[in-house]
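Hi,

Here is the model I promised to pass on.

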Amino acid sequence: MDNIYFLMIIALAILAIADLVVGVSNDAVNFLNSALGSKAISFKTIMIVASLGIACGAVFSSGLMEVARKGIFVPGEFMFSEIMIIFMAVMITDILLLDFFNTLGMPTSTTVSIVFELLGAAVAMALIKIGMDGGSFSEVVNYINTTKATEIILGILLSVVVAFSVGAMVQYVSRLLLSFNFEKKANWVGSVFGGFALAAITYFIFIKGLKGTDYYAEIKPMIEGKTAIIIALCFIIWSLLSYVVIAVFKKNIYKLIIAVGTFALALAFAGNDLVNFIGVPIAAYQSYEAWVISGVPANEFAMGVLGTKVPTPTTFLLGAGLIMVLTLWFSSKAKKVVKTSIDLSSQAETKERFNPNFLSRTLVRTTILAAKYTATVIPNSLQTRIDQQFTKPVIKLPKGKEHELPAFDLVRAAVNLMVASVLISIATSMKLPLSTTYVTFMVAMGSSLADRAWGSESAVYRVAGVLNVIGGWFFTALCAFIAAGTVAYLIHLGGSAMIAVLLLLAILLLTRNYIKHTKKSREVKAEDSLSKAESQSIHGVIEESADNISKALRRVSKINQITINGLINQDLDALKKAKKTVVKLENEIEELQNDIFYFIKDLDDSYLGASKFYIDVIGSIQDVAQSSSLIAKVSHKHVNNNHKALKKKQAEELLYINEKLVHLCSEIGKIFDARSFHDIKPNIIQEKQDLLAYVKESIQKQVERTRFEESSPKNTTLYFNILLETKDLIKANMDILNLYFEEHRNSTIGQEPID
């Protein structure tokens, strides 16, 4: 029996390593988004600074490990065998849950995950004990540390409001004082801001943060009761140093703040969040050591020892820090999760990732009305001066370099890092496992709102995004609670055999998700994505947009093949794939349409003719995609509703039509690839006419079948829809070709348009 628990410890150690990798991939967004979004320093420098912060923070995290031992449940109420079930259930659930969210590309809270997993597993185990003893459900409160658990949960929820409010307030005041032209301000202004920001970071990270660690006792006599003096001295020293950096070395103090802030936030992340990854395995290891020494049977040894203060071995902390640093550098998922936060806080127009909903529209509308009312109260002169401070400078970059613009400026990045560091460090000093994800995200959202990054063009999308992310956090808590409780119950029923099955399942799912993520990354790189026009002349637009036409035709041809084959074979998965793929194509086309405004604005007067051609091209691509989309959607709906399959004659006709359509698209694609619009071969025109004639003939045949043979109205409706949309698709293909042909005809006398 002893061997089983030893093997469980080994399994937990392996799960801890895997959880560190998965957890850092998820939480990289917490300390990288401000530095990356502002483009203040190089990516390599950011990674080095963050790595140093993680390494230091890992060593300082020992004090928080008590949360896993006694923060959620009362250890003395459980036996060693029961505690091991709880810990094993928590770790299996945690790694699967975090990897699931990482695979979706959605950052979630590792703190919320671990807290609610511990709560769910402990409640499940408590209910099992109560049920076996014939007790009452109300007795469950005896097993749960309700006071501490409530304090932790309320602290996590309150952090959402506090972080958003403080972030908005500090950013608003900072912008009022510094404006967007902060680099042109007097040296003393940057010095004071630098002194304030760096003093706050220094005090709360290196002094307040140490309060939650075992090292605090050594420096306690030097700092206890001297908070005001220490902060004042830090402010003076950092202000003087900031002035030297600005005036003497001619360096940007805001970049220094961002570098120090990134280090501090990475340190706070490691110090606060390491408990989420290794706290449970370490608690299990310490429980195992205490049980082995006791010599008492596992089901009789009460775990009151976990209620006492047990130091965490420094070796474990250093090892965990090393794994976190390596993950930060080499995990592709760690590089992926930053995008959501940066997009939602971007000062510029971006591709909005979220669709507006009723709540976001209502909140934005209410805010606009409140702003209008406030404007009537504030004197016009004061409002004008405030607006001047929030006027954004226009930065023009050469064509193709727009992606190099930062998502927000250095002031906002500095505020994000400063406020988040302070809030997280306060929680760390109170030994509260505050969610770094919640804090950093909500600070960034609050500063974005205060900085007027959410204008009328983007507000409903950004607010919807924030609401979706917050909703996902609550969903995480519910999933973690239920999943951990279920896994604990399964382990109780199946014992060691069930643990082996669950571990095998976890390995299989992680492997599957890794392969799926790798495959998806390769597909994204190889995919024929549409690109916006950069040229200003008609000739340049023709060259660039011809590639889009060729790519679109290839994708439409592939979508149609999947759709028709899926419909004939009643393959719902294939039809789902076709529907999803065509929606992605439509979204890319919509993005091109959204770019038309900026394309026209950037045109010189001598090239205005290019705008009409570009608009016509995008409209033609949209016509092709819409026809393909309708075919995919009606086919998916038909099979999804379990309607009758196509008749043999219908299937044969559709296969023939699709075969000819694929060939036609291929031939047209070759013309666009070769840019040979002046030399349209007659056989293409004939092929198009023959195919249209066959489609019309098929429509007539279906009319006859409907009159005398057909008994399914759904089948008939579907078939007519597909044929009519196919006819439009053929015409749209030729319209595109004709559009390009006519542009060449303008310079070549005697050519006739294609019919």
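Below is what I found in it, starting with how the values were made.

This is a predicted model, so local features need pLDDT of at least 70 and side-chain atom pairs count only at pLDDT 80 or more, while totals for chains, interfaces and linings use all residues. Residues are numbered from 1 along each chain as its sequence is written, and side-chain values use heavy atoms, with hydrogens and water left out.

Salt bridges first (a side-chain nitrogen of Lys or Arg within 4 Å of a carboxyl oxygen of Asp or Glu). The structure has 9 of them. One is Lys129 with Glu82, where the closest N and O atoms are 3.2 Å apart. That pair links distant parts of the chain, with Lys129 in helix α5 (residues 110-133) and Glu82 in helix α4 (residues 80-104), 47 residues apart. Helices here are DSSP runs (H or I, at least four residues), numbered from the N terminus. Lys129 counts as buried at 12% relative accessibility, and Glu82 counts as buried at 13%. For those labels, buried means under 20% relative accessible area, exposed over 50%, and partly exposed in between (1.4 Å probe, protein chains only).

Next, helices α23 (residues 648-674) and α24 (residues 682-708): their axes come within 10 Å and cross at roughly 160 degrees. That makes α23 roughly antiparallel to α24 (the label for angles over 145 degrees). Axes are lines fitted to C-alpha atoms over the stretch in contact, and angles run from 0 to 180 degrees between N-to-C directions. A salt bridge joins Arg705 and Glu653, with the closest N and O atoms 3.1 Å apart. Arg705 lies in α24 and Glu653 in α23, so the pair ties together parts 52 residues apart in sequence. Both Arg705 and Glu653 are buried.

Lys701 is partly exposed at 32%, and so is Glu697 at 39%. Elsewhere, salt bridges that share partners join Arg175, Asp409, Arg412 and Asp451 into one network.

Last, the surface: Trp188, Val192, Phe196, Phe235, Ile236, Leu240 and Tyr243 make a nonpolar patch of about 730 Å². Such a patch takes nonpolar side chains (Val, Leu, Ile, Met, Phe, Trp, Tyr) joined within 5 Å, from residues with over 30% relative accessible area and no salt bridge. α7 (187-208) and α9 (227-248) each give two or more residues to the patch, and α9 gives the most, with 4. Trp188, in α7, is exposed at 57% relative accessible area.

Cheers

Key: Patches are made of residues with over 30% relative accessible area and no salt bridge: like charges are joined within 9 Å, nonpolar side chains (Val, Leu, Ile, Met, Phe, Trp, Tyr) within 5 Å. Accessible areas come from the Shrake-Rupley method with a 1.4 Å probe; for residues, only the protein chains shown count as cover. Angles under 35 degrees count as roughly parallel, over 145 as roughly antiparallel, 65 to 115 as roughly perpendicular and the rest as oblique.
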